[in-house]
Amino acid sequence: MKKHFISGVLCGALLMATTSVFASSVIEATIFPSKVTFFLANGLSKEVQLQEGEEVLNYNNKAYIPLRLFAESSGALVKYTQTSPETDNKQKIDVHYVVEEALSEQTSNAAGNRPLKDSRELQLQDMLVTSLLPHMQQKLADIYEDVITVPPIIHPDYVSVESVERVAAFRGFDFLITIDAQPIVGPHIPVGEDVLTYRISSAGVELKNFEHLRGPNKDDFLPNYQNLLK
């Protein structure tokens with residue numbers, strides 16, 4: 001995808017929120033299958049992983065993507081505030097762009113704030129995380145089924161390896177791995193944070209410890225995604 005097209009998307013990023021001003025307005029848009037890549041100021045690039053419910057739309061020959069997805073993929077932080085007299089009775093969405101140093105850290109790999117430069121260590125870690133995703137997905141689906149209406153999604157970008165410990169002696173193939181996971185729903189809406197510790201050995205994969213740290217937070221959900229909360 002050409003860079004000037006990405007700039008066009010930036011100018012037209014869609015606010016996926018319904019306000020009282022536009023409550024009676026309806027627009028017709030078509031799903032616009034796209035591959036979106038951000039070329040960041042620090043020389044890195046990041047391809048956006050579009051999930052179900054956050055499709056790129058085409059309206060009047062312009063491409064629109066959900067604002068939170070766009071902003072966070074380009075290195076920004078998004079804060080949503082519901083309508084109140086302090087916000088002039090409008091939905092308030094603040095997009096904060098960080099300095100280049102923080103942007104570099106924000107786009108670092110899951111191992112611990114290192115630049116996105118491939119290595120054998122990173123490849124092995126990413127393969128390990130990928131192999132554990134189905135186990136995490138099932139556990140977190142069970143944990144969140146009482147508070148959200150759809151199973152959360154675990155994306156590798158939202159998983160960090162906190163520690164790896166060899167349980168047995170040197171060259172003993174028995175490990176404990178502790179992972180911090182931040183599941184999402186819809187257009188990358190965070191639903192919480194959890195820490196899972198797995199034991200990996202020749203006997204298979206076993207969950208040894210689970211800790212739910214936080215979430216979901218209603219304020220993270222735009223009005224048209226409130227139905228995802230129970």
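**Talking through the fold**

Author: Happy to! Among contacts in the chain between residues at least 6 apart in sequence, 53% join residues at least 24 apart. Do keep in mind that this is a predicted model.

Reader: Good to know. How many helices and strands are in the chain?

Author: The chain has four helices and 13 strands.

Reader: And what share of the residues is buried?

Author: Of the 230 residues in the chain, 35% are buried. The chain's accessible surface is about 13800 Å², and 52% of that belongs to carbon and sulfur atoms.

Reader: Let's go inside. How many residues does the largest nonpolar core have?

Author: That core has 24 residues, and Met-136, Val-159, Val-185 and Phe-221 are those with the most contacts inside it. At least two of its residues come from each of α4 (120–144), β8 (159–166), β9 (174–181) and β12 (193–201). The largest share is the six residues from α4.

Reader: Which residues is Val-185 in contact with, leaving aside its neighbours within four places in sequence?

Author: The list for Val-185 is Ile-148, Val-150, Pro-151, Pro-152, Val-191, Phe-221 and Leu-228. There is also a second, separate core of eight residues, and Phe-38, Val-56, Leu-69 and Phe-70 are among them.

Reader: Nice. Now the sheet: in what order do the four strands come?

Author: The order is β8-β9-β12-β13, in an open sheet with antiparallel pairing. β8 and β13 are the edge strands, each pairing on one side only. On average, neighbouring strands of this sheet are turned by 15° against each other, direction ignored.

Reader: What packs on the sheet?

Author: That would be α4, which touches β8, β9, β12 and β13. The direction of α4 makes about 125° with that of β12.

Reader: Changing topic to charges. How many salt bridges does the count come to?

Author: The count comes to four salt bridges.

Reader: What is the N to O distance for Asp-94 and Lys-92?

Author: Their side chains meet in a salt bridge at 2.5 Å, N to O. Lys-92 counts as partly exposed because its relative accessibility is 33%.

Reader: Which residue does Arg-214 form a salt bridge with?

Author: Arg-214 pairs with Glu-193, and the closest N and O atoms are 2.9 Å apart. This pair links distant parts of the chain, with Arg-214 in strand β13 and Glu-193 in strand β12, 21 residues apart.

Reader: Are those two buried or exposed?

Author: Glu-193 is buried, at a relative accessible area of 15%. Arg-214 has a relative accessible area of 40%, so Arg-214 is partly exposed.

Reader: What about Lys-208, which residue does it form a salt bridge with?

Author: Lys-208 goes with Glu-206, and their closest N and O atoms are 3.7 Å apart. Lys-208 is partly exposed, with a relative accessible area of 44%, and Glu-206 is partly exposed too, at 43% relative accessibility.

Reader: Last one: where is the place of Pro-223?

Author: Pro-223 is in the segment after β13 (204–214). With 29% relative accessibility, Pro-223 counts as partly exposed. Pro-223 is 143 residues from Tyr-80 in sequence, and their C-alpha atoms are 10.0 Å apart in space.

Technical notes. Residues numbered from 1 in each chain as written. Predicted model: local features only at pLDDT ≥ 70, side-chain atom pairs only at ≥ 80, totals over all residues. Heavy atoms only, no water. Core = buried A, V, L, I, M, F, W, Y, C linked by side-chain atoms within 4.5 Å. Buried < 20%, exposed > 50% of the residue type's maximum accessible area, 1.4 Å probe, protein only. Contact = heavy atoms within 4.5 Å. Pairing = 2+ DSSP bridges. Axes fitted to C-alpha atoms, helices over the stretch in contact; angles between N-to-C directions. Areas by Shrake-Rupley, 256 points an atom, 1.4 Å probe, with all protein chains shown as cover.
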